[in-house]
Amino acid sequence: MRLDKFLSDMRFGTRSEMRKAVREGRVTVDGVRVKDPGSAVMPKSLVVLDGEPVTYRGFEYILMNKPAGVLSATEDPHQTTVLGLLGPGTRRDLAPAGRLDKDAEGLLLLTNDGALIHSLLSPSKHVPKVYYVRLSRPVTDGDVRTFAEGMSVPEDETAGNARGRAAFTAKPAKLVPLNGPGERPDRADPGKEIRELSPNESLKAPDGGFYEASVEITEGHYHQVKRMFAAAGNRVLYLKRIAMGPLRLDEDLPPGKYRYLTEEEINGLRINGA
């Protein structure tokens with residue numbers, strides 16, 4: 001690959017910054033000073049920038065706490081995407097492993113490991129994804145049974161494309177109520193908290209309160225969690241993904257922030273998607 005791309009992929013700067021560094025004679029390849037940014041290098045080449053060895057890594061894995069209002073996409077001419085939240089010098093060939101709705105928050109894996117993305121998203125792998133939800137009405141025992149048995153989800157007439165609209169039968173899902181009928185979370189003004197968390201001011205229960213639950217699914221249909229609850233006569237007010245396979249969202253990772261996965265986490269993902 002080109003020397004300037006090699007350096008920018010390894011987050012030492014933008015392509016233009018790396019071209020300038022090479023032309024200024026700040027880079028050596030296998031002990032030889034190189035001034036042509038287009039020089040070809042191999043992943044195993046000994047590249048040194050300003051005296052610092054640059055080790056090539058073919059794949060990178062980022063865990064992001066996606067904020068509401070941001071698209072789970074690589075680029076969009078009009079709206080902010082998750083890649084737009086990455087800092088300067090971060091390699092730009094990353095893509096989200098699956099998507100979160102624009103108004104949803106939580107765990108999103110970004111990587112350039114296409115094979116792993118395919119494995120994690122394959123319906124045959126049954127990789128679990130866990131969501132925390134706030135609802136307009138409490139979860140009943142009947143809801144828990146319906147989710148556990150696998151439920152029919154009707155066509156979504158509000159979806160923008162035919163593929164997203166299609167009806168489907170959801171695979172069995174684990175639904176756990178976090179507060180029971182008639183109970184309220186111990187908060188002074190739960191309605192206020194919803195408005196702070198959601199960019200959509202209309203997403204609140206009629207009485208200004210909400211009910212909480214977690215749901216675990218093993219597939220990823222368009223707007224699946226929202227549509228499953230709608231089919232059960234409920235409405236999702238707030239949605240946050242907290243786990244995907246062996247990964248769990250860090251409690252101290254603010255929305256819009258991210259971190260690189262550890263080797264242990266990467267190996268766990270590979271085993272989970274194998």
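Predicted model: local features only at pLDDT ≥ 70, side-chain atom pairs only at ≥ 80, totals over all residues.
**Exercise 1. Two enclosed strands**

Find out how many residues of S8 are buried, and which strands S8 pairs with.

Solution. Step 1: check burial. In S8 (129-135), 7 of the 7 residues are buried, so the strand is largely enclosed by the rest of the structure. Here buried means under 20% relative accessible area, exposed means over 50%, and partly exposed lies in between (1.4 Å probe, protein chains only).

Step 1: sort the side chains. Lys129, Tyr131, Val133 and Leu135 point one way from S8, while Val130, Tyr132 and Arg134 point the other way.

Step 2: find the partners. S8 runs antiparallel to S12, joined by 7 bridges, and leucine 135 stands opposite tyrosine 211 in S12. S8 also runs antiparallel to S13, again with 7 bridges; there, arginine 134 has tyrosine 238 as its bridge partner.

Step 3: S5 pairs antiparallel with strand S7 (residues 105-111) over 6 bridges and with strand S15 (residues 258-260) over 3 bridges. Isoleucine 62 has leucine 110 as its bridge partner in S7 and stands opposite tyrosine 260 in S15.

**Exercise 2. The nonpolar cores**

Which residues touch the most other members of the largest nonpolar core?

Solution. Step 1: set the rule. A nonpolar core is a set of buried Ala, Val, Leu, Ile, Met, Phe, Trp, Tyr and Cys residues joined through side-chain atoms within 4.5 Å. In soluble globular proteins, nonpolar side chains tend to be buried together.

Step 1: list the members. Of the 21 residues in this core, Tyr131, Val133, Phe147, Val215, Val225, Met228 and Phe229 touch the most others. The elements giving two or more residues to the core are S8, strand S12 (211-217), H7 and S13.

Step 2: follow one member. Leaving aside neighbours within four places in sequence, valine 215 is in contact (heavy atoms within 4.5 Å) with residues including Tyr131, Val133, Phe147, Val225 and Phe229.

Step 3: look elsewhere. Another core, of 16 residues, lies apart from the largest one, and Tyr61, Leu120, Leu249 and Leu261 are among its members.

**Exercise 3. The largest pocket**

Describe the largest pocket: its volume, its lining and the helix that gives the most to that lining.

Solution. Step 1: take the volume, about 1100 Å³. Of the 36 lining residues, Gly98, Arg99, Gly220, His221 and Tyr222 are the closest to the centre. On a 1 Å grid over the protein atoms alone, a pocket is an open set of points where a 1.4 Å probe fits, with protein on both sides within 12 Å along at least five of seven lines; lining residues have an atom within 4 Å of a point. Grid points are joined across faces, edges and corners, and the volume is the space filled by probe spheres set on them.

Step 1: classify the lining, which divides into 17 nonpolar, 11 polar and 8 charged residues. Ala, Val, Leu, Ile, Met, Phe, Trp, Tyr, Cys and Pro count as nonpolar, Asp, Glu, Lys and Arg as charged, and the others, Gly among them, as polar.

Step 2: name the helix. H7 gives the most, with 3 residues. The buried residues of H7 are Gln224, Val225, Arg227, Met228 and Phe229.

Key
Residues numbered from 1 in each chain as written. Heavy atoms only, no water. Helix = DSSP H or I, 4+ residues; strand = E, 2+ residues; numbered from the N terminus. Pairing = 2+ DSSP bridges.
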